[in-house]
Amino acid sequence: GRPVATPWSEASRLFPDAATLAAADPGEVAALGIVHQRVRAMQALAAEVCAGRIELAPGPGGAATADRLRALPGVGEWTMQMIALRVLGAPDAWPDGDIGLLKALGTRDRREAAALADAWRPWRSYAVMRLWLHLETA
């Protein structure tokens, strides 16, 4: 990423933009401690953003964006749900199997957690944030 001046010496670079990430040498990205499968997924997403086929912004078209995300290599349902929750502003995202959610709900059973979450539709994203907060404050 580009250098940036901040009051903190540890925070001296911006995260690379999509074009920079898409064009980066995969080995250099992996050298940062990112496994190759994730590097491939990040670069595929960055290339789609650069090409204008995926827009990572809140708004209408969330279902089409979700479908495009799922089609990318290395992007499964959990990843797509996290992007929907954190980036797209989807009110009903549920990152199934998230270890923090399972812990907050007191279960290791993904189906049990999903059944509990059904009661929160169509606002499961808000429940996710509340459950994560519960883990931090418990």
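**A tour of the aromatic pairs and a cis proline**

Start by selecting Trp120, which is partly exposed, with a relative accessible area of 31%. Keep in mind as you look around that this is a predicted model.

Now show both side chains together. How many aromatic pairs are there to find? The count comes to two. Trp94 and Trp120 make up one of them, with 6.1 Å from centre to centre and 50° between the planes, a tilted arrangement. Colour the helices to see what this pair links: Trp94 sits in the loop between helix H5 (77-86) and helix H6 (99-105), while Trp120 belongs to the loop between H7 and H8. These are distant parts of the chain, with the two residues 26 residues apart.

For another aromatic pair, select Trp123 and Tyr126. Their ring centres are 5.9 Å apart and their planes meet at 55°, so this pair is tilted. Is Tyr126 buried or exposed? Tyr126 counts as exposed, at 54% relative accessibility. Trp123, at 49%, is partly exposed, because exposed requires a value over 50%.

Last stop: select Arg121 and Pro122 and look at the backbone. What kind of peptide bond joins them? The bond between Arg121 and Pro122 is cis, with omega at about 0°. To place Pro122, follow the chain from helix H7 (110-118) to helix H8 (124-137): Pro122 is in the loop between them. Trp120, where the tour began, is in the loop between H7 and H8 as well.

How values were computed:
Residues are numbered from 1 along each chain as its sequence is written. This is a predicted model: local features need pLDDT of at least 70, side-chain atom pairs count only at pLDDT 80 or more; totals for chains, interfaces and linings use all residues. Side-chain values use heavy atoms; hydrogens and water are left out. Helices (H or I, at least four residues) and strands (E, at least two) are DSSP runs, numbered from the N terminus. Rings of Phe, Tyr and Trp (its six-membered ring) pair if their centres lie within 6.5 Å; planes under 30 degrees apart count as stacked, over 60 as edge-to-face and the rest as tilted. Buried means under 20% relative accessible area, exposed over 50%, partly exposed in between (1.4 Å probe, protein chains only).
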